[in-house]
Amino acid sequence: FGGDGVLALAESGMEMRATVGKVLRQPKTLGHALDLVGAYLKNYMIDKADAVMHTIIPICREKGGLWQIKALNFYAAVRAKQARYSESLELLKELDSVLTLKDDEEGAWEVYDMVYRNFGVSYEGLGDEVNALKYFKKARDVKVRAGIEESWFDMWDIGRVQSVVAFHSGLEEELEAAISYVMQSLDLHNKQEGHDKVMRAKILHTVAECHLARALRLETNAEQKSRKKSQRKAVMREYREALRYLEESHTLFKRHKGAYNPLTGREAESVAQACHAH
């Protein structure tokens with residue numbers, strides 16, 4: 001009984017509820033269902049992932065243990081993809097309350113890496129970048145303690161959120177560190193997964209946002225210091241750099257996702273805004 005069968009049952013309505021429950025209590029079938037949710041998430045098929053999770057979450061809670069842990073983590077990811085961050089956070093807090101693995105247990109770092117990253121995504125979605133940064137760093141640190149090198153994804157998460165925190169706090173050294181971290185992420189991603197051009201486009205967008213943050217910070221300083229010509233030139237240089245990265249990002253989205261994809265459209269809007277600022 002494969003993944004497609006699970007989805008068909010999940011979407012078939014009230015009259016199939018008893019059959020669904022009976023079939024899904026079989027470990028092999030429930031495993032297929034969770035694997036299917038993971039596949040749907042990777043392919044941005046969020047509604048289908050939600051349909052399956054809505055059906056299996058009561059069974060996974062009833063079974064407890066790893067079933068519950070994996071299901072809650074997936075469901076939190078689904079809610080985050082739907083921009084329902086408050087619900088995602090509630091699911092993660094429920095997960096945290098039943099997660100009893102110790103950091104040094106075999107394979108524990110992989111579980112905590114996923115959970116901490118999802119916490120970070122949810123807090124970031126709620127506009128709480130301080131807590132988001134805390135959890136993204138915890139995701140990195142739990143790997144490092146297990147002897148695993150930090151990934152380009154860790155660098156991207158941390159640098160992206162740290163740039164926002166640094167901008168709002170006015171800490172220029174932290175902003176510079178964030179930009180450096182995001183650039184390291186871009187370079188490492190190119191070496192390890194350079195074939196993934198869509199992901200490269202997303203990181204390029206973050207690089208551009210860092211340059212825009214630097215431009216705004218310089219602009220604020222320039223206004224406070226009577227707009228010295230050299231400072232104004234520095235501001236314009238940052239806007240040009242941001243525009244360069246946004247244009248490359250837009251080109252990649254258009255080439256690999258299509259001209260009418262929402263990602264392409266949003267990036268076109270970012271290019272237009274940067275042009276206006278420049």
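**Figure 1. Aromatic pairs in the predicted model.** Seven aromatic pairs turn up in a search of the whole structure. One of them joins Phe 119 and Tyr 123: the ring centres are 6.4 Å apart and the planes meet at 20 degrees, so this pair is stacked. The structure shown here and in the other views is a predicted model. Both residues, Phe 119 and Tyr 123, belong to helix α7, which spans residues 108-125. They are four residues apart, about one turn of the helix. Phe 119 is buried, because its relative accessibility is 3% and the cut-off is under 20%. Tyr 123 has a relative accessible area of 13% and is buried by that cut-off too.

**Figure 2. Phe 119 and Tyr 135 across two helices.** The ring centres of Phe 119 and Tyr 135 lie 4.6 Å apart, with their planes at 15 degrees, so this pair is also stacked. Here the partners come from distant parts of the chain, 16 residues apart. Phe 119 sits in helix α7, and Tyr 135 in helix α8 (residues 129-145). Both Phe 119 and Tyr 135 are buried. One aromatic cluster takes in Tyr 112, Tyr 116, Phe 119, Tyr 123 and Tyr 135.

**Figure 3. Arginines over aromatic faces.** Arg 217 is placed over the face of Phe 167, 5.0 Å from the ring centre.

**Figure 4. Two buried cysteines.** Cys 60 has 0% relative accessibility and counts as buried. Cys 210, with a relative accessible area of 1%, is buried as well. The search of the whole structure for disulfides finds zero.

**Figure 5. The largest nonpolar core.** This core holds 46 residues. Those that touch the most other members are Val 37, Leu 41, Val 52, Met 53, Ile 56, Val 78 and Phe 119. Two or more core residues come from each of α3 (27-42), α4 (46-63), α5 (65-81), α6 (85-98), α7, α8 and α9 (152-169). For Val 37, residues up to four places away in sequence are not counted; its contacts are then Ala 49, Val 52, Met 53, Phe 74 and Val 78.

**Figure 6. A second core.** A separate core contains 24 residues, including Val 182, Leu 204, Val 207 and Tyr 245.

**Figure 7. Surroundings of Ser 270.** Ser 270 is part of helix α13, residues 262-277. At 15% relative accessibility, Ser 270 is buried, because the cut-off is under 20%. Its contacts include His 205 and Leu 246, with neighbours within four places in sequence left aside.

**Figure 8. The Glu 87 and Arg 84 salt bridge.** The whole structure contains 17 salt bridges. In one of them, Glu 87 pairs with Arg 84, and the closest N and O atoms are 3.0 Å apart. Glu 87 is partly exposed, at 37% relative accessibility. Arg 84 is partly exposed too, at 32%.

Figure 9. A salt bridge joins the side chains of Arg 160 and Asp 157, at 3.1 Å from N to O. Both residues lie in helix α9, three residues apart, about one turn of the helix. Arg 160 is buried at 13% relative accessibility. Asp 157 is buried at 2%.

Figure 10. The side chains of Arg 214 and Glu 238 form a salt bridge, 3.1 Å from N to O. This pair links distant parts of the chain, 24 residues apart. Arg 214 belongs to helix α11 (residues 197-224), and Glu 238 to helix α12 (residues 229-257). Arg 214 counts as buried at 16% relative accessibility. Glu 238 is buried, with a relative accessible area of 8%. Elsewhere, salt bridges that share partners build one network from Asp 113, Arg 117, Glu 124, Lys 143, Asp 154, Asp 157 and Arg 160.

How values were computed:
Residues numbered from 1 in each chain as written. Predicted model: local features only at pLDDT ≥ 70, side-chain atom pairs only at ≥ 80, totals over all residues. Heavy atoms only, no water. Phe/Tyr/Trp six-rings, centres within 6.5 Å; stacked < 30°, edge-to-face > 60°. Buried < 20%, exposed > 50% of the residue type's maximum accessible area, 1.4 Å probe, protein only. Lys NZ or Arg CZ within 6 Å of the ring centre and 35° of its normal. Disulfide = S-S within 2.5 Å. Core = buried A, V, L, I, M, F, W, Y, C linked by side-chain atoms within 4.5 Å. Contact = heavy atoms within 4.5 Å. Salt bridge = Lys/Arg side-chain N within 4 Å of Asp/Glu carboxyl O.
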